[in-house]
Amino acid sequence: MTETDFLSLTPLLIITIAPVVIMLIISIYRKYEIIFGFSLVSLLTAFVSLFIVQPLLPHRIDHLMVFDLYSLFFLGIIFFSAFLIMLLSHDYFKHLEGFREEYFIILFTATLGASLLAVANHFIIFFLGFELLSISLYILIAFQKKKDYPLEAGIKYLILASVSSAFLLFGMALIYTALGTMGFQGIADAISKMGVASPILVIGFGMMMVGIGFKLALAPFHMWTSDVYQGAPAPVSGYIATVSKGGVMAVFIRFFFDIKGFSNQDFFIVISAIAIFSMFVGNLLAIRQQNLKRLLGYSSIANMGYLIIILLIGNNDGARAAIFYMLSYFVTVIGAFGVISLLSTKNREAEKIEDFKGLFWKRPWIAIVLTLSLLSLAGIPLTAGFIAKFYVIFEGVKSGLMLLVFSMIINSVIGLYYYIRVIAVMFSTGEETTKLPSLSIIGNVALTMISISILILGVYPGWLIDMIMKLVAL
Amino acid sequence: MNIFFYIAATVAITTTILAISRRNAIHALLNLILSLLSISVVLYLLDAQFIAALEVIIYAGAIMVLFIFVTMILNIGLENKQEKKWYNPRMWFVAAFFAGILFLDLILAVKNAQIQPVAAQVIHSKQVGISMFTTYLLAVEIAAVLLMAGIIGAFHLGSQEKKVMHRFLEKK
């Protein structure tokens, strides 16, 4: 380990040290507000340190990790999403009985797992990051251990995620058997030298695809999504939809581009089938959904389908469109889950669509944020979702992936139906049924940040696209 | 050499199946220990003495014994009805069918592939230790964070509320 190694590790080191310090603070004086403030400051420091690290790039650490502009950009996305979710969790967990400060420790370890995936350049770091993320998520999902739904969701995620990790590990082992190396570069070199892929290698990649597909909730591996999204606390559902998927997506894009997966015909067919299947399954299952959390879960399946299509283009343009799409989806979906978590009270989760009846007349500000998020998910102009979808379809048409683009357009129309349905419920007038909790300053700040981001990405996305152009060159 | 491998492999497969299908938790755990021991024999035959020893010490020795003691102390070795229901063929047939396809696939792949033995030399614990503290030092550190997350989670999910009243005075 040299000095440069340590310096380039700074953002990850901050994320690693923060939970240890939180534990020490808890052992001295257990106070929710102090822990919350410290967590926010640490995440902000980690975010700022990304800019300090930037001049050292690109830097590799023993073939295990790679720090380049691409991984730094993903670290930025992960820290930003985690920051927003932390802001939204404040009100949600404030009233929880018993120990609740541990939530922030686990949130940090989960973020570390996702960040490791973003810098991974070797199967060992890939798998450790994957496991660190999974183990932290079991705990986050079942955090309210007194309630039934969170426990059920936690057990479900525990069993299914263990199976998917086993698949991933077995796939890695088979690839190692076939090629004798575990670094991404080594694998890429060995494959390009080999010519025809051996059957063991194909099965190995297939099994890895199962593990990755599970974490991204792509269609044949999507069974857990709706139950876990419903059972988990609302901020944690938002976390699963953004940070967890962002990390896995980062390592998937890097690995896929390193081994030039798109030039292999089998890989191409498998991924397009998964993409089309995900879009249709997600959207069709969401149509009749009466629970907003489950609805967002199903819509996340469809959105991940849109996202992996564009990787099949197989050049930097495709990766850039995918990353822009991901960023706008993350901001949007954090907005939706943020509204749910701010409207939830100690005993009741605001998750049924009828809970939102007449919300606009009671709480116009919250209703506007939710409307903005849903419109952005549906891809209406002036929001982030429109530009993202436009960008993806533009790149798809440019490289002639017509079948995929058409199924994406059909699905966008289906999606429009159920997003608009929720908006219509919010604007309908209804009798007062439930008492809404009051909004704290922290919640307000988070909602303002989210809605400004959605609008900026939708109205003036040029600077971000330029930035992605400059950063992402795989 | 070969005959030892086949004996150990057969024992491993049979005991693993038994570990899954026994409804008595203690029996299942004892079978699992046997399966781990026979896998360590297989590893030993492959000249991987270090990992074979680790398998015995950590899995069969520490973790499984802990499991058995906890199961015995908590007295949860009894069968339950829910589990019995899960054993009817309707529940596992489809999964077993797909797993069977995957298994056939693997057999074909192994048969058709020309695999050269990756490492013919014996790897000693010293080499493992050196690579753990040089090349893979970061991975070891990350594993430490992973264990920390696990411990905190176990503490949070397992911790009991402080009781104000004595448990005999509580209303049932």
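Mentor: The expected span of a helix is 1.5 Å times one less than its number of residues, where helices are DSSP runs of H or I with at least four residues (strands, E, need at least two), numbered from the N terminus. This is a predicted model, in which local features need pLDDT of at least 70 and side-chain atom pairs count only at pLDDT 80 or more, while totals for chains, interfaces and linings use all residues. Residues are numbered from 1 along each chain as its sequence is written, and chains are lettered from A and ligands numbered from 1 in the order in which they are written.

Trainee: How far apart are the end C-alpha atoms of helix H7 (residues 148-179) of chain A?

Mentor: Helix H7 of chain A has 32 residues, so at 1.5 Å a residue it should span 46 Å. The separation of its end C-alpha atoms agrees with that expectation, being 46 Å.

Trainee: Which residue follows H7(A)?

Mentor: The residue after H7(A) has a positive phi, near 75 degrees. That residue is Gly180(A).

Trainee: Is H12(A) roughly parallel or roughly antiparallel to H18(A)?

Mentor: Two packed helices are described by the angle between their axes and the distance between the axes. The axes, lines fitted to C-alpha atoms over the stretch in contact, with angles from 0 to 180 degrees between N-to-C directions, come within 9 Å for H12 (residues 265-286) and H18 (residues 402-427) of chain A and cross at roughly 15 degrees. Angles under 35 degrees count as roughly parallel, over 145 as roughly antiparallel, 65 to 115 as roughly perpendicular and the rest as oblique. The crossing angle therefore makes H12(A), relative to H18(A), roughly parallel.

Trainee: How is H12(A) oriented to H13(A), roughly parallel or roughly antiparallel?

Mentor: The axes of H12(A) and H13 (residues 292-309) of chain A come within 7 Å and cross at roughly 155 degrees. Their contact has 15 nonpolar, 5 polar and no charged residues. The crossing angle means that the two helices are roughly antiparallel.

Trainee: How many nonpolar residues does the contact of H5(A) with H6(A) have?

Mentor: H5 (residues 102-119) and H6 (residues 123-141) of chain A have axes that come within 8 Å and cross at roughly 155 degrees, which makes H5(A) roughly antiparallel to H6(A). Besides 4 polar and no charged residues, their contact has a nonpolar count of 16.

Trainee: Which helix supplies the largest share of the side of chain B that touches chain A?

Mentor: In the contact between the chains, 25 residues of chain B meet 29 residues of chain A. On the chain B side, H5 (89-112) and H7 (137-158) each supply at least two residues, and that side divides into 17 nonpolar, 6 polar and 2 charged residues. The largest share, 12 residues, comes from H7(B).

Note on methods. Two residues are in contact if their C-beta atoms, placed from the backbone, lie within 7 Å. Ala, Val, Leu, Ile, Met, Phe, Trp, Tyr, Cys and Pro count as nonpolar, Asp, Glu, Lys and Arg as charged, and the others, Gly among them, as polar.
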